[in-house]
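Please look at the model below with its aromatic rings and nonpolar cores in mind. A short report follows.

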Amino acid sequence: MSTRTADEIRADRLAKLGRALTALFAVTAYAVATLVKRSWRRLFPFYWVAAELAVAWVAGPLGLSWQTVGILALAIAATAAGWRARSRTVRAWRAAIAIVLGGYAVATVAAGGQAAMAAHPTLTIAVPTLLGVVLGWPWWHHLRHHTPPPAPAPVLAAEPAAEVIDPLTAHWQRRWEREVVAAKVCEGTSVVQVVEPRPGVTEALVRLTPGTKPGPLFKSGPDVEVALDLNEGAIGWRSTGKRAWLRVVLVERSYIADGVPWTGPTYNAGRFEVARFADGSPGQWILSLPNDGVRGGLVVGSTGAGKSRALGTVIANALDGRVQVAIGDPQNGQSLPAWRDAVEYHAGVEKTLLLLRRVHAEIMRRSELLAGVGADAFDENDPRIKALGLRRFIVIVDECQLVLIPNTPIVALVEQAAETMRKTGVGIILATQLPQMKSLGGSVRLRDALVAGNALILRLSNRGSGTTILPDDFVGDPFALPREIDGKTTAGMGYLRHSHRVGMLARVPHLDEAAAAAAAPRIPVRWNVPEIDPASKIVLPGQRTPDAKATAATGGGSAVDKLRAAFGAGRKTTTVVEQIAPQTPAEWVLACLRRGPASAQALLDRPDCPVEQSQLYALLGRLKDTGRITPPAQRGGPFTISA
C-alpha cells in the first residue's frame, strides 16, 4: 500500500478541479454559442443594453472621457445603419437603438460612471434596459415572424414548362401596379407584355378585367402621365380590335421636340403622312379607301398654329396621288398663296360661295352617273367609273367661318354635300381658327360628317363660348399647348384624331410651301356641271325653285295648271297676320322647353340661340329663381317647365 504525500493529494485535486473547470467552460461556451447562433435576433436588444452598461462601468477605470464614448457610439450607429439587412426599416431601427443607448452611455460617463450608477441605479440601469426592450421590439418581432419562402414545387416531366416573363415586362408590371393602378388610375387593367420598338418608347399590351370599358381609358392619358411622371402627350392608347385588349404607348423621349423635316410626299394607296407622333410613328391622313370613297376632314388651329402647313401637306400629297384639288379662299388670296398657280384657286367670299354651290351640284351629278352604271361606291379602278372619266376630287376651304354664316342657305347646302360626298369620290376639307360651332354655321351634322373622316386639332388659344367644334370623343387638350416649349415654337403641334393613336401629340412636317407647290404635278379639275350663275338662288334637292313657286301662283305653266288656276284650285287666300314683337331671350328659352326638356348645352347647340353662354346661364338662373323652370336633378341634365 502506497502512501501519498499532502502535496501529491493537493496536486491531484487541483488537476481534477482544472478538468472540471475546463469542461464547465467548454459547456458554457458551447451553450452561449448555440444561444447566440439560434436566438441572437430575439435577444439582440439585451446585447445592446449589456454593451451600454459595460461601457459606462469600465469608462472610469480605463480613463475614457465622455467625448471618446460619444465618438464610439456614433461609429456603432453608423455601422448599424449601413450593415446589410432585410429592409431599410430594420436598418433604421438598429440605428435608433444604437443612438438612444449610446446617448445614455455618454450621459452616464459624463455624470461619473460607476459612482452615478451606484447612486442612481433606476435612471442609469433600469431605464436603458426598458428602452432597449421597447426599441428592439418592432424589428425583433418582424424578424421573428418572417415567413421563409416556400420551397419550389417539383416539376413533373409530363407538365409543360412554366412561362418565363422577360425582365422588361416584369419591370413594367410592377411599375404599372405600384404607380398607376395604386393611384386609382386605369383600375381594372394589368400589363401582360411589354416591348421597346425604339429607344425611349415602350409599348405595353394591357388586359382589361370583365366590366372595364375602354372608353374611359382613352381619356386617362393625362392621369397616367402624372402617375408615371412623363411629359404631356407622352401617352397614347391604341385599340387592338379586341375589347379585352388595349395597347398603350409610353414615350420617355419625344421624337418631335425639334420638329419634323419635310422629305417629300408620302402618298400610298389613299393614305399619306400628315404628322409625326411623339413616339416617332407616322400619323396618317386617310384620303380614300378601296370601295369606300373619298373622305373629308377638319383642320382647326389658332393663328400661327400651323394650319397652312398642314393644308399644304394635304395638297402636296393629294397632287402626288393624281387627285384633283380646288381651293376656296374667302380672304381674297391671303390663304395658301403658294398654291394659287398649282391648283384651281377661288379667291374672295363670293367666288368661294359659288365654288361650294358648284361642288354640291357636282356631287349630285356624280351620284346620278354612278347610279346609272350600277356602281355602289366610288372606286377609281372600276372600269365603269373609268369610262365615265370620274377622278377623285377634294375641295379645301380655308377660314370657312367667313362663308358658313348661321341660318343661311349655304350651310344647309354644304351640310348635304358633306353627308353624301364620300361615295361620289369628292371630299371637303374645312379649316378654321375658332373652335366654335358657329365656325361651321352652327351645324352639328356638318361637324360630325367631317370628323368622321379626319380631324387635325392644332394648338388653340381661345375656347370661345357656346358649343365646341371638337369631336365629342376627342382625346387631348390643345388649349394646354404653349406657343413655345424650351424656346422652340409649337407651330404644327396638335392632335390627329383619326389615327389609331388616341390622345398622343403629333406634329406637322416643316414644309416649304413654295418649293412643294413648284415641284407638285399640275392636275386640272374636270367638272361635270357648268359654272353657277351668281344671280341664281340656292335650292336644295327636293325643294321647289322660287321661279316655279311664282309661276304656280300666277297661273302659268301647263294647261292643267292654267285650268286649276281659273277655277281657283290651289290658290292661297291672303290673310292678315298681326305683327308681334320679337321674342325675348326668356320667351325663347320657355318656348324651347315647352317642346321638351333640354339641357343648357342643348340650348346653346341650337343655331337660333339669341344669347351667349354666360348670358344663357344667368337667364336660366333667373328663371329658376322665379319658379318658371325646374333645374335638373344632376349637373348637365335637362331643364323642364315648372308644373
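Predicted model: local features only at pLDDT ≥ 70, side-chain atom pairs only at ≥ 80, totals over all residues.

Residues are numbered from 1 along each chain as its sequence is written, and side-chain values use heavy atoms, with hydrogens and water left out.

**Aromatic rings**

A pair of aromatic rings is described by the distance of the centres and the angle of the planes. Rings of Phe, Tyr and Trp (its six-membered ring) pair if their centres lie within 6.5 Å; planes under 30 degrees apart count as stacked, over 60 as edge-to-face and the rest as tilted. A search of the whole structure finds two such pairs.

| Pair | Centre distance | Plane angle | Class |
|---|---|---|---|
| Phe-393 and Trp-527 | 5.2 Å | 85° | edge-to-face |
| Phe-474 and Tyr-495 | 6.0 Å | 90° | edge-to-face |

Helices (H or I, at least four residues) and strands (E, at least two) are DSSP runs, numbered from the N terminus. Phe-393 lies in strand β12 (residues 393-397), and Trp-527 in the loop between α14 (513-519) and α15 (546-554). That pair therefore ties together parts that are 134 residues apart in sequence. Buried means under 20% relative accessible area, exposed over 50%, partly exposed in between (1.4 Å probe, protein chains only). Phe-393 is buried, at 1%. Trp-527 is buried too, at 16%.

Phe-474 sits in the loop between β14 (455-458) and β15 (484-485), and Tyr-495 in strand β17 (residues 493-496), so this pair joins parts 21 residues apart in sequence. Both Phe-474 and Tyr-495 are buried.

The charged end of Arg-340 sits over the ring of Tyr-345, 5.6 Å from its centre. The test is NZ of Lys or CZ of Arg within 6 Å of the ring centre and within 35 degrees of the ring normal.

**Helix α17**

In α17 (residues 585-595), the buried residues include Trp-588, Val-589 and Leu-590. The buried residues of α17 pack against α18 (600-605), α19 (613-625), β19 (629-630) and β20 (640-641). Just after α17, Gly-596 takes a positive phi of about 160°.

**Nonpolar cores**

A nonpolar core is a set of buried Ala, Val, Leu, Ile, Met, Phe, Trp, Tyr and Cys residues joined through side-chain atoms within 4.5 Å. The largest has 111 residues; Trp-176, Trp-339, Ile-394 and Leu-430 have the most contacts inside it. Its largest share, seven residues, comes from helix α9 (residues 307-320). A second, separate core of 18 residues includes Ala-598, Val-611, Leu-616 and Leu-619.

Notes. Contact = heavy atoms within 4.5 Å.
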